[in-house]
Amino acid sequence: MSASPSTPVPVVLAGARGHGRWHLANIRRLQQQGIVRLAGVCELTPLTPEELGDLGTPEQSADLGALLDSTGARIAVICTPIPTHTDLALTAAGRGVHLLLEKPPAPSFAEFRRMADGVAAAGVACQIGFQSLGSHALPAVRALIAEGAIGTPAGFGGAGAWVRDEDYFRRAPWAGKRRMNGVDVVDGALTNPLAHAVATALALSGSTRAEDVLAIETELLRANAIESDDTSCVRVTTAQGHPVTVAATLCAERADEPYVLVHGSKGRITFWYKQDRVLLQRAGHGPEEFEYGRTDLLENLVGHLTTGAGLLVPPDGTGAFMKVVEAIRTAADPAPLPDGAWRRIPGENRRVVPGIDGLVAAAADTLSLYSELGAPWAPAAKHPPKEVSTR
């Protein structure tokens, strides 16, 4: 549903550089449509007139609370380092300001609950920034599953094979870190850049709340000289009985579009969630491909406040994802891949794990972990994968 407020809703953006540039561009788009107005920017170093462009001269401050007070903002978009999410969200909520909170919403389940409970107590709306969950493909795929298009669901796989150079892990002080200054960060392939693969697979499986998760197995590895994982996989045992296995790497040989697979007794559905594109393959039919639109999450939040539209990604709808984050946080630190398992690409300043592209695809295709696929470098090849009960 498109929001059509009679007057633009004032918005403050906290974190306008890095990924925040995407939010700045999105606010510009919605401001041009008369849906929002950029009232303030919270940054340690103010944005330049060149960075703001036609967004005018919003108030700028490094103090979010003071900025919210002085601008009268109704919505705060928070795109700041992961460990700051909870405190900044509660700063806004305490002032009655509604939230679009970038994913992952928190670095631990305890911090997530502190944020979600505080937001609920304050009576404000909070949208978690999993943009893929605004795709119109999700209800369409759920309908296909419900009508038996692929028979009985058997499981859900996710695959993300991305390319990131070594500078990616130096883009911010917290990048590639599990902890910093004694505080959890839990950056990593599955919790941050390819978090959408995990959240989307869980959403399609109907397992979005914390109580939907029974157990989690993790295999966390790294080719880069970082603390966090850059090559990892996870398998979630759900209350619905359908396993959800997601494999990811930032060390692919070739970058590919991430996707989620729905396995059924009579076919399968592939959902390329960044493209809102769906492929249906089923017995007795030729392949069918569909493309869908997407509802922007900030626009949906405005619609929720002005017209009563349902909120697409409330905090409790990401509880299952946060259980995965918690399992990764409490797992042993990612194991470094042996020198022979990765190589540098000349001139590209990046590390590649040969064969990982195929392993990521095979994990989603068979719902297997790397060790079960015979990856010689998987530490669990000699030991059972760590399984964390969430009960």
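Which arginine lies over the face of tryptophan 272, and at what distance from the ring centre? I find arginine 277 there, at 4.0 Å from the ring centre. My rule for a charge over a ring is NZ of Lys or CZ of Arg within 6 Å of the ring centre and within 35 degrees of the ring normal. Arginine 164 lies over the face of tyrosine 168, at 5.4 Å.

Ground rules. This is a predicted model, so I take local features at pLDDT of at least 70 and side-chain atom pairs at pLDDT 80 or more, while totals for chains, interfaces and linings use all residues. Residues are numbered from 1 along each chain as its sequence is written, and side-chain values use heavy atoms, without hydrogens and water.

Rings next. I count six aromatic pairs, taking rings of Phe, Tyr and Trp (its six-membered ring) with centres within 6.5 Å; planes under 30 degrees apart are stacked, over 60 edge-to-face, the rest tilted. Tyrosine 259 and tryptophan 272 have ring centres 6.5 Å apart and planes at 55°, so I log the pair as tilted. Tyrosine 259 is in strand β13 (residues 259-264) and tryptophan 272 in strand β14 (residues 267-272), so the pair ties together parts 13 residues apart in sequence. Strands are DSSP runs of E, at least two residues, and helices runs of H or I, at least four, numbered from the N terminus. Both tyrosine 259 and tryptophan 272 are buried (under 20% relative accessible area with a 1.4 Å probe, protein chains only). For tyrosine 370 and tryptophan 377 I get centres 5.5 Å apart and planes at 70°, so that pair is edge-to-face. Tyrosine 370 and tryptophan 377 are both buried too.

Then the core (buried Ala, Val, Leu, Ile, Met, Phe, Trp, Tyr and Cys joined through side-chain atoms within 4.5 Å). The largest one has 99 residues, and Ile75, Met115, Ile269 and Phe321 touch the most other members. Helix α7 (residues 195-204) gives this core its largest share, eight residues. I see 10 of the 10 residues of α7 buried, so the helix is largely enclosed by the rest of the structure. Just after α7, glycine 206 has a positive phi of about 80°.

Last, cysteines. I searched the whole structure for disulfides (sulfur atoms within 2.5 Å) and found zero. The sulfur of cysteine 42 is 12 Å from the closest one, in cysteine 79, too far for a bond. Cysteine 233 is buried, at 0% relative accessible area.

Note on methods:
Buried < 20%, exposed > 50% of the residue type's maximum accessible area, 1.4 Å probe, protein only.
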